[in-house]
Amino acid sequence: MPCINKPTTALAPIGALFIGLLTLGGAGKAAADTPELEAPRPFEASYRLEVRGWPGATVRHTLAQEGLHWLSSMRFSVAVAKGEERSRFALEDDQTRSLYYSSSYSLFGIGDSYQLDENELSALDRQAALFDLSRRAGHEQCTESAPCDIVFLDHRGRDEQFQYYTNPTTTVTTPAGRFESKSVTLQDVEKPDRHLEISFHPEWPGLLLSAEYFKDGRRDTTITLTQFNPG
């Protein structure tokens, strides 16, 4: 969910959800009578990130309104690595439009940063796409036998593709509390041995409750909501 090969290769596991997996977005197959999508509301949240073979980390996530635009920011830091992503986007008739995206990552003090402006954002960046998917999940006819296609841009502005389907509504218990959730499963089109299961809060677009990333049949990464502060 960066340019210098060795640091970024090592950084990839610890950022599997933050850097490599929060890479969602696009449009699904709309239901016949799609209800109005949930309006965004500002919040601050913290997550516990656990990656197999790495020390745990805390991810800070904020969604804030800036005039007519919204700003989503995620950042994490551990002893040897840190990273941050920021996205500015607008809502127009229930459509999300990316306006600006930036990211930076480093390992042992070595890393790189990236920026995409509105002219380079031909599709949603992954922060805006995460927000958009959380609003639309459950409002579209996306099933395991007929999943919806997902298109997004990575930090370099390259197209990536996933497919997703919705799961039955569940209740998720986290250190921040017990919540009803909207759950989706995402599959990597190019890597069928990998998939991601995400639970979203149904009333706070963009807010994760939990997520699990599976690789080669093993759970590789988990993220869990530990603190939630409505803005």
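This report describes the aromatic pairs, nonpolar cores and salt bridges of a predicted model.

Four aromatic pairs are present in the structure. One of them joins Phe43 and Phe228 in an edge-to-face arrangement, with 6.2 Å from centre to centre and 65° between the planes. Because Phe43 belongs to strand β1 (residues 43-51) and Phe228 to strand β12 (residues 218-230), this pair ties together parts that are 185 residues apart in sequence. Phe43 is buried, its relative accessible area being 2%. Phe228 also counts as buried, at 18% relative accessibility, a value that falls under the 20% limit.

Phe228 has a further edge-to-face partner in Trp204, at 5.2 Å centre to centre and with 75° between the planes. Trp204 lies in the loop between β10 (194-200) and β11 (208-215), whereas Phe228 is in strand β12, so the parts tied together here are 24 residues apart in sequence. Both Trp204 and Phe228 are buried.

**Nonpolar cores**

The largest nonpolar core comprises 44 residues, and Tyr47 and Leu186 have the most contacts inside it. Another core, of six residues, lies apart from it and includes Tyr101, Tyr105, Leu116 and Ala123. In soluble globular proteins, nonpolar side chains tend to be buried together.

**Salt bridges**

The salt bridges number eleven.

| Arg52 | Asp220 | 3.0 Å |

Arg52 forms its salt bridge with Asp220. Since Arg52 is in the loop between β1 and β2 (57-66) and Asp220 is in strand β12, the pair ties together parts that are 168 residues apart in sequence. Arg52 is partly exposed, with a relative accessible area of 38%, while Asp220 is buried at 14%.

A network of salt bridges links Glu92, Arg97 and Glu118.

Arg136 and Asp132 are four residues apart in helix α2 (residues 126-136), so about one helical turn separates them. Arg136 is buried, with a relative accessible area of 13%, and Asp132 is buried with 3%.

Terms used: Residues numbered from 1 in each chain as written. Predicted model: local features only at pLDDT ≥ 70, side-chain atom pairs only at ≥ 80, totals over all residues. Heavy atoms only, no water. Phe/Tyr/Trp six-rings, centres within 6.5 Å; stacked < 30°, edge-to-face > 60°. Helix = DSSP H or I, 4+ residues; strand = E, 2+ residues; numbered from the N terminus. Buried < 20%, exposed > 50% of the residue type's maximum accessible area, 1.4 Å probe, protein only. Core = buried A, V, L, I, M, F, W, Y, C linked by side-chain atoms within 4.5 Å. Salt bridge = Lys/Arg side-chain N within 4 Å of Asp/Glu carboxyl O.
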